[in-house]
Amino acid sequence: MKFFYSPHYRSLQPIVASSEFHDLVHVLLSCQEPPTLRELKAKFPQVSFDKTLDRLIASALIIRKNRRYFLGFPVYTEEDQKQLQESDGFYQEALDWSTQEIADFIKSFTVTSAENKYFYGCLQGVEQGVVYSLTHETFQMITYAEAPWPPTLPAFLEANRQLQNLAVYDELMDLIGDVDPVYYLDQVSVIFERIRKNKKVRSSIFLESLQRLKIVSSELDFLLEEINCDNLKNGRYPPSEKDSFLQRLVIAQLAIRTGSYNTLFFNNI
């Protein structure tokens, strides 16, 4: 099972990533009648369970009512996915979007996903795209992907923030390590500016990292299409859990269209 949630729940990330949480969700989904605390503690005898349960109740991810316990968030199935794919006009329309329309949507999703509060789960086999964003005062990079942790700069720096040790980033870790994102983005912004002005760019680990990530070529050509934010519609999409589920389903399909992942570069943000 996979879980998707807004930054409001970031403090719960260690709990959500634990096998105990996954097991608890499966128990609550499979019970014919919502369990009592005694029934839950029989399945989860760990001393820490009471504290974990209290935190989940305080965050409304678990609901306690009439001495019984319920899931406080939706869990979507492949049937839910199929119904949306077959009947939702927004989903059908998105399959024919232009590059500009995709950019509008991805940037809007990045903003609303951070602003709105949501949490939901998906059973195995349900498609949900992922988005990673990096923001500097002069540009923004947003990766959208079919699956987590593609080999892109926004995903790499997010993996560092989460202390994820992933083989896909081993070469970058050897090159720049657990670099401070603010310092790194300041350094590469200078490189971008010099490339735009056709000025000489000296060799550095920052330039080499951009070349390994296929952001800059060995000939110092910029490889990402630049999108001018002045041309964006700045639209907003509904904030509910189901809308987040639908939007991530769209993102997965858009990523598949572009080869499993893609990175957009927005200037003058």
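Accessible areas come from the Shrake-Rupley method with a 1.4 Å probe, and for residues only the protein chains shown count as cover. On this basis the accessible surface of the chain comes to about 14,400 Å², with 47% of it belonging to carbon and sulfur atoms. The model is a predicted one, in which local features need pLDDT of at least 70 and side-chain atom pairs count only at pLDDT 80 or more, while totals for chains, interfaces and linings use all residues. Residues are numbered from 1 along each chain as its sequence is written, and side-chain values use heavy atoms, with hydrogens and water left out.

Of the 269 residues, 44% count as buried (under 20% relative accessible area, 1.4 Å probe, protein chains only). The C-alpha trace spans about 70 × 45 × 25 Å along its principal axes.

The secondary structure comprises twelve helices and nine strands (DSSP runs, numbered from the N terminus: H or I of at least four residues for helices, E of at least two for strands). Four of the strands form an open sheet with mixed pairing, in the order β6-β7-β9-β8; two strands pair if DSSP finds at least two bridges between them. The edges are β6 (130–135) and β8 (226–228), each pairing on one side only. Strand β8 runs parallel to β9 (residues 261–267) over three bridges, and Glu226 has Phe265 in β9 as its bridge partner.

Helix α10 (residues 181–196) packs on this sheet, touching β6, β7, β8 and β9, where contact means heavy atoms within 4.5 Å.

How values were computed
Buried < 20%, exposed > 50% of the residue type's maximum accessible area, 1.4 Å probe, protein only. Axes fitted to C-alpha atoms, helices over the stretch in contact; angles between N-to-C directions.
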